[in-house]
Amino acid sequence: MITSLDNKKVKQWMKYHQQKYREQDEVFLVEGEHLIQEAYKHQHLKELFIQEGVDFKLDNIKTSIATSKVMKKLSKVQSAQTMIGLCTLPKLPINANHRVFLCDNIQDPGNLGTIIRTALAFSFDAIYCSKDTVDFTNDKVIRATQGALFQIPIKVVDIKKTMLSLKKQGVHVVSCALDENATSFIKPLSKMAFVLGNEGNGISQDIIALSDQTYKIDIQHIDSLNVAITAGIVAHQFKGSDVQ
């Protein structure tokens with residue numbers, strides 16, 4: 001039974017609320033039974049903290065029992081969870097680039113998490129995130145993915161270099177932006193990458209210039225859509241091979 005907030009393991013796990021320690025140790029925390037089960041199913045669950053009195057056990061997973069005070073300290077949600085898991089960082093190989101998203105400077109964790117979940121739902125092959133995009137192991141991103149981050153490759157990259165590399169591989173790179181040269185119709189091709197931009201500023205002009213085409217969703221009455229909504233429409237319109 002872990003009762004003290006000064007416990008060595010509690011202090012170590014508290015560090016993982018900060019990105020630099022997550023990156024350093026290549027681990028992150030997940031909260032709640034659903035995310036823990038997803039991490040376990042995909043072999044990324046390393047260790048568990050369970051609140052005293054909660055009947056929950058997973059085979060071959062080291063488990064510590066803790067007081068509600070300790071669990072509340074470790075939790076990042078308003079109504080503290082009764083179970084928290086320590087996960088290893090997924091490093092899934094990118095086996096194809098038939099359908100990918102390029103996330104350029106996306107800042108809202110909920111948006112990135114929704115994009116990750118949407119990409120998996122429509123059989124996209126991977127997600128490339130710029131170095132200034134919100135960290136995909138951020139607790140809010142993780143909750144929004146609902147476990148999808150354990151099933152789709154996510155890679156932090158230099159967006160411009162990645163765009164050039166993809167184009168050399170025959171991938172048609174499309175920026176989703178309200179640019180004056182944007183078109184509302186693009187023929188589906190076998191290999192396509194879609195750039196999604198910052199919530200406030202959109203996609204920078206130099207990235208648009210590197211793209212093969214600029215795409216805009218045909219909308220009325222409003223100027224623009226939320227970036228996660230845009231991702232959903234694009235993903236449905238240009239589905240990956242598994243769901244076509």
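1. Start with the cavity. Strand β1 and helix α6 each give at least two residues to the lining of the largest cavity. Helices (H or I, at least four residues) and strands (E, at least two) are DSSP runs, numbered from the N terminus. Over the whole structure, one cavity of 30 Å³ or more is found. The largest cavity has a volume of about 120 Å³. It is lined by 13 residues, and L29, E31, K76, D139 and I142 are the closest to its centre.

2. Basis of the values. This is a predicted model: local features need pLDDT of at least 70, side-chain atom pairs count only at pLDDT 80 or more, and totals for chains, interfaces and linings use all residues. Residues are numbered from 1 along each chain as its sequence is written, and side-chain values use heavy atoms, with hydrogens and water left out.

3. Cavity and pocket terms. The search uses a 1 Å grid over the protein atoms alone. A cavity is a set of points where a 1.4 Å probe fits but cannot get out. A pocket is an open set with protein on both sides within 12 Å along at least five of seven lines. Lining residues have an atom within 4 Å of a point. Grid points are joined across faces, edges and corners, and a volume is the space filled by probe spheres set on the points.

4. The largest pocket. It holds about 450 Å³ of space. Of its 24 lining residues, C176, A177, L178, S224 and L225 are the closest to its centre. Helices α8 (205-210) and α9 are the elements that give two or more residues to this lining.

5. The six-stranded sheet. This open sheet has parallel pairing and the order β7-β6-β5-β9-β8-β10. Two strands pair if DSSP finds at least two bridges between them. Neighbouring strands are turned by 25 degrees against each other on average, direction ignored. Axes are lines fitted to C-alpha atoms, for helices over the stretch in contact, and angles run from 0 to 180 degrees between N-to-C directions.

6. β5, β6 and β7. Four bridges join β5 (residues 99-103) to β6 (residues 126-130), in parallel. F101 stands opposite I127 in β6. β6 and β7 also pair in the parallel sense, over four bridges. Here S130 has V157 of β7 as its bridge partner. The chain crosses from β6 through α6 (residues 139-145) to β7, and this β-α-β crossover is right-handed. That is, with the strands pointing away from the viewer, the path from the first strand over the helix to the second runs clockwise.

7. β8. Which way do its side chains point, and are they buried or exposed? H172, V174 and C176 point one way, V173 and S175 the other way, and all are buried. Buried means under 20% relative accessible area, exposed over 50%, partly exposed in between (1.4 Å probe, protein chains only). β8 pairs in parallel with β9 over four bridges, where V174 stands opposite F194. With β10 it pairs in parallel over three bridges. The bridge partner of C176 in β10 is Y215; C176 is also among the residues closest to the centre of the largest pocket.

8. α9 (residues 227-237) lies across β5, β8, β9 and β10, at about 165 degrees to β9. Contact means heavy atoms within 4.5 Å.

9. The four-stranded sheet. This open sheet has mixed pairing and the order β1-β4-β2-β3. Neighbouring strands are turned by 20 degrees against each other on average, direction ignored. β2 (residues 45-51) and β4 (residues 83-88) pair in the antiparallel sense over five bridges. F49 stands opposite I84 in β4. Helix α1 (residues 8-15) packs on the sheet, touching β1, β2, β3 and β4; its direction makes about 115 degrees with that of β2. Helix α3 (residues 33-41) lies across β1, β2 and β4, at about 30 degrees to β4.

10. Positive phi values. Q43 is not a glycine, yet its phi is positive, near 60 degrees. Q43 lies in the loop between α3 and β2 and is exposed, with a relative accessible area of 71%. N105, also not a glycine, has a positive phi of about 60 degrees. N105 sits in the loop between β5 and α5 (109-121). Its relative accessibility is 21%, so N105 counts as partly exposed.
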